[in-house]
Amino acid sequence: TQADMASHRIIDAGLRELTPDIPIISEESGLPSFAERSQWPTYWLIDPLDGTKEFVNRNGEFTVNIALINGKRPVLGVVHVPVSGKTYTGCEGVGAAVRDADGGSRSISVAMESASPLRVVGSRSHRGASLDAYLERLGDVEMLPMGSSLKFCVVAEGAADIYPRLGLTSEWDTAAAQAVVEQAGGAVLELDGQPLAYNAKEDILNPHFLVRGPSDQDWLSILKAG
């Protein structure tokens, strides 16, 4: 959409002014070759408008995602929600917070214990048989449909327990929100149990992953039981 491109131009110009020596990858600017970007220890990774379907449908569930990647990890993430005016942040060494439209800010953290029923957040626009099968194995669940990287943020602030993503995403979809979740005490894990990594391969597609808040259940074992 025109909004994607307008957002890209503003963010790209701002980051180039702020940090002229740090490269930028944006969903709207094309992907540099792996030979080039694999040499970058640090770079910005942005999705100027995450949740284009939500934007077009006018349900308010779209975000602007800006992440700083260092050593294949997101060490700083900003997820802005234009309609509500909320901004979620996660910064290594600082923690995670949310700033409201009126400027008030508070620290956030994941839930310490799973709720009953389990609160599972899932995509409003993408759903498949593998997710349905996982939900069945989890037992008594409350499904919270949501768009864009907001799914990560509700886990980060303790309003949901887990977000299983058993479908395709790209690295710019997840990086900023992963920083928020990790700094809030949660984890974003590939199905082998390793943290979701960045700039480690030729393509920019993520494998399937789980975003977990509380660590009181073996979420991956439940998934693999199927």
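1. Buried is used here for a relative accessible area under 20%, exposed for one over 50%, and partly exposed for what lies in between, with a 1.4 Å probe and protein chains only. This is a predicted model, in which local features need pLDDT of at least 70 and side-chain atom pairs count only at pLDDT 80 or more, while totals for chains, interfaces and linings use all residues. Residues are numbered from 1 along each chain as its sequence is written, and side-chain values use heavy atoms, with hydrogens and water left out.

2. Helix 4 covers residues 129-138, where helices (H or I, at least four residues) and strands (E, at least two) are DSSP runs numbered from the N terminus. Its buried residues are Leu131, Tyr134, Leu135 and Leu138; seen down the helix axis they fall within an arc of 100°, so they line one face of helix 4, the arc being that of the directions from the helix axis to the C-beta atoms. The face turned away from this buried side carries the exposed residues Ala129 and Glu136. After helix 4 comes Gly139, with a positive phi near 95°.

3. What do the buried residues of helix 4 pack against? Their partners are strand 8, strand 9, strand 10 (162-165), strand 14 (209-212) and helix 7 (219-224), contact meaning heavy atoms within 4.5 Å. Of these, strand 8 (residues 118-123) has six of its six residues buried, and it pairs with strand 9 (residues 141-146) in the parallel sense over six bridges, pairing requiring that DSSP find at least two bridges between the strands. Within this pair, Gly122 stands opposite Pro145 of strand 9.

4. A nonpolar core is taken as a set of buried Ala, Val, Leu, Ile, Met, Phe, Trp, Tyr and Cys residues joined through side-chain atoms within 4.5 Å. The largest has 37 residues, and those with the most contacts inside it are Leu45, Tyr88, Val121, Phe152 and Val211. Elements giving two or more residues to this core include strand 9, helix 5 (150-156), helix 6 and strand 14. Apart from it lies another core, of 14 residues, with Leu131, Leu138, Ala187 and Leu223 among them.

5. Gln178 lies in helix 6 (residues 171-183) and is buried, with a relative accessible area of 0%. Its side chain makes a polar contact with that of Tyr198 at 2.6 Å, such a contact being a pair of N or O atoms within 3.5 Å of which, within protein, one must be able to donate a hydrogen and the other to accept it, and residues adjacent in sequence count only if both atoms are side-chain atoms. Leaving aside neighbours within four places in sequence, Gln178 is in contact with Pro74, Phe152, Val188, Leu196 and Tyr198.
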